[in-house]
Amino acid sequence: MSGKPINELGRSYGRLTVVRRCYFQDAAGRAIWRCRCACGKYTNVLGADLRVGRVKSCGCLRAETIQNATLEQRSMWSRLGGIASGVSKRREKAELAVYAE
Ligand SMILES: [Zn+2]
């Protein structure tokens with residue numbers, strides 16, 4: 001073991017809740033955390049990505065954004081998004097742009 005990892009256990013980031021630290025690390029030796037998403041799936045996320053807010057779900061958040069945009073249920077999405085995580089219109093557009101690339 002090298003360094004002293006930041007303890008993320010039990011913390012919540014967006015839809016994710018950290019359940020344990022993974023036994024492996026990334027190439028730079030940074031901690032990777034096992035997270036449970038609000039939708040019930042599990043995903044491994046780099047601690048740094050959690051802390052800067054780059055990763056907030058297992059991927060379902062983006063998928064729902066795309067789906068809602070496709071179905072034009074925009075009013076429902078903004079209501080849910082506003083309550084759940086304060087997702088702004090700007091962020092919604094940013095995620096769509098990333099997905100399109
Ligand atoms: Zn999810």
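This is a predicted model: local features need pLDDT of at least 70, side-chain atom pairs count only at pLDDT 80 or more; totals for chains, interfaces and linings use all residues.
Which residue in strand 4 is the bridge partner of W33? Residues are numbered from 1 along each chain as its sequence is written. The bridge partner of W33 in strand 4 is V45. Strands (E, at least two residues) are taken as DSSP runs and numbered from the N terminus.

Strand 3 pairs with strand 4 in the antiparallel sense over 5 bridges, two strands being paired if DSSP finds at least two bridges between them. These two strands form a hairpin with 4 residues between them, and G40 in the turn has a positive phi of about 105°. Strand 3 is also joined to strand 2 (residues 16-25), by 6 bridges and in an antiparallel arrangement. Here V18 stands opposite C35 of strand 3. Strand 2 and strand 3 likewise form a hairpin, with 5 residues between them, and G29 in that turn has a positive phi of about 80°.

The largest nonpolar core comprises 8 residues, namely Y13, L16, A31, W33, C35, V45, L50 and V55. Such a core is a set of buried Ala, Val, Leu, Ile, Met, Phe, Trp, Tyr and Cys residues joined through C-beta atoms within 7 Å. Strand 3 (residues 31-37) supplies the largest share of this core, 3 residues. In soluble globular proteins, nonpolar side chains tend to be buried together.

V45, located in strand 4 (residues 42-46), counts as buried because 22 C-beta neighbours lie inside 10 Å. A residue is buried if 20 or more other C-beta atoms lie within 10 Å of its own, exposed if 12 or fewer, and partly exposed in between, with C-beta atoms placed from the backbone. Neighbours within four places in sequence aside, V45 is in contact with L16, I32, W33, C35, L50 and V55, where contact denotes C-beta atoms, placed from the backbone, that lie within 7 Å. The C-alpha atoms of V45 and V18 are separated by 9.1 Å, at 27 residues apart along the chain. With the same exclusion of neighbours within four places, the contacts of L16 are C35, C37, V45, K56 and S57.

R34, also a residue of strand 3, counts as partly exposed because it has 17 C-beta neighbours inside 10 Å. Beyond four places in sequence, R34 is in contact with V19, R20, C22, Y42 and N44. The C-alpha atoms of R34 and G47, 13 residues apart along the chain, are separated by 9.7 Å.

Notes
Two residues are in contact if their C-beta atoms, placed from the backbone, lie within 7 Å.
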